[in-house]
Amino acid sequence: MLRRKPTRLELKLDDVEEFDMVKKELESRKKQQEEVDVVGGASATSSDSKSRDQLINERIGYKPHPKPNNLPSLFGNLQF
């Protein structure tokens with residue numbers, strides 16, 4: 001495998017200005033989202049977390065099933 005020498009990257013003034021603009025925009029969005037969360041209250045957060053968990057489970061294909069607590073439910077309605 002051939003290796004080449006590292007390429008030098010130059011940062012221009014336009015790149016720095018663009019980075020600052022994008023950073024300020026993201027910070028303003030984050031502040032707006034925090035304000036909405038504060039106004040929504042804690043009840044909205046708990047329902048969002050449940051729906052978020054459900055979305056994640058659907059995305060990865062996980063379907064949780066409750067475990068039965070007693071033996072008859074393990075084997076169905078078998079009679080001896």
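The following exercises, with worked solutions, concern a predicted model of one protein chain.

**Exercise 1. Confidence**

Determine where in the chain confidence is lowest and where it is highest.

*Solution.* Begin with the chain as a whole: its mean pLDDT is 79, and 69% of its residues reach 70 or more. Next, turn to the individual helices. Helix H3, residues 71-75, has the lowest confidence, with a mean of 58. The highest confidence belongs to helix H1, residues 13-40, at 90.

**Exercise 2. Secondary structure and surface**

State how many helices and strands the chain contains, and what share of its residues is buried.

*Solution.* The count gives three helices and zero strands. Along the sequence, this reads as the pattern α-α-α. For burial, the cut-off is a relative accessible area under 20%. Buried residues account for 0% of the 80 residues in the chain. The accessible surface of the chain amounts to about 8900 Å², and carbon and sulfur atoms contribute 56% of that surface.

**Exercise 3. A salt bridge**

Identify the residues that form a salt bridge with each other, and locate them in the chain.

*Solution.* The general principle comes before the particular case. Side chains of opposite charge can pair when their charged atoms come close. The rule applied here requires a side-chain nitrogen of Lys or Arg within 4 Å of a carboxyl oxygen of Asp or Glu. Glutamate 25 and arginine 29 form such a bridge, their closest N and O atoms being 2.7 Å apart. By this rule, the total is one salt bridge. Both glutamate 25 and arginine 29 belong to helix H1, where they are four residues apart, about one turn of the helix. Finally, glutamate 25 counts as partly exposed because its relative accessibility is 40%.

**Exercise 4. A patch of negative charge**

Name the residues that gather in a patch of negative charge on the surface, and classify the exposure of aspartate 20.

*Solution.* The patch consists of Asp14, Asp15, Glu17, Glu18 and Asp20. Of these, aspartate 20 is placed in helix H1. Its relative accessible area is 36%, so aspartate 20 is partly exposed.

**Exercise 5. A nonpolar patch**

Name the residues of the nonpolar surface patch, and decide whether leucine 11 is buried or exposed.

*Solution.* Leu11, Leu13 and Val16 form the patch, and together they have about 310 Å² of accessible area. Leucine 11 lies in the segment before H1. The cut-off for an exposed residue is over 50% relative accessible area. Leucine 11 has a relative accessibility of 67% and therefore counts as exposed.

Key
Residues are numbered from 1 along each chain as its sequence is written. Side-chain values use heavy atoms; hydrogens and water are left out. pLDDT is the predictor's confidence in each residue, from 0 to 100. Helices (H or I, at least four residues) and strands (E, at least two) are DSSP runs, numbered from the N terminus. Patches are made of residues with over 30% relative accessible area and no salt bridge: like charges are joined within 9 Å, nonpolar side chains (Val, Leu, Ile, Met, Phe, Trp, Tyr) within 5 Å. Accessible areas come from the Shrake-Rupley method with a 1.4 Å probe; for residues, only the protein chains shown count as cover. Buried means under 20% relative accessible area, exposed over 50%, partly exposed in between (1.4 Å probe, protein chains only). Lys and Arg count as positive and Asp and Glu as negative; His and the chain ends are not counted. The place of a charge is taken as NZ of Lys, CZ of Arg, CG of Asp or CD of Glu.
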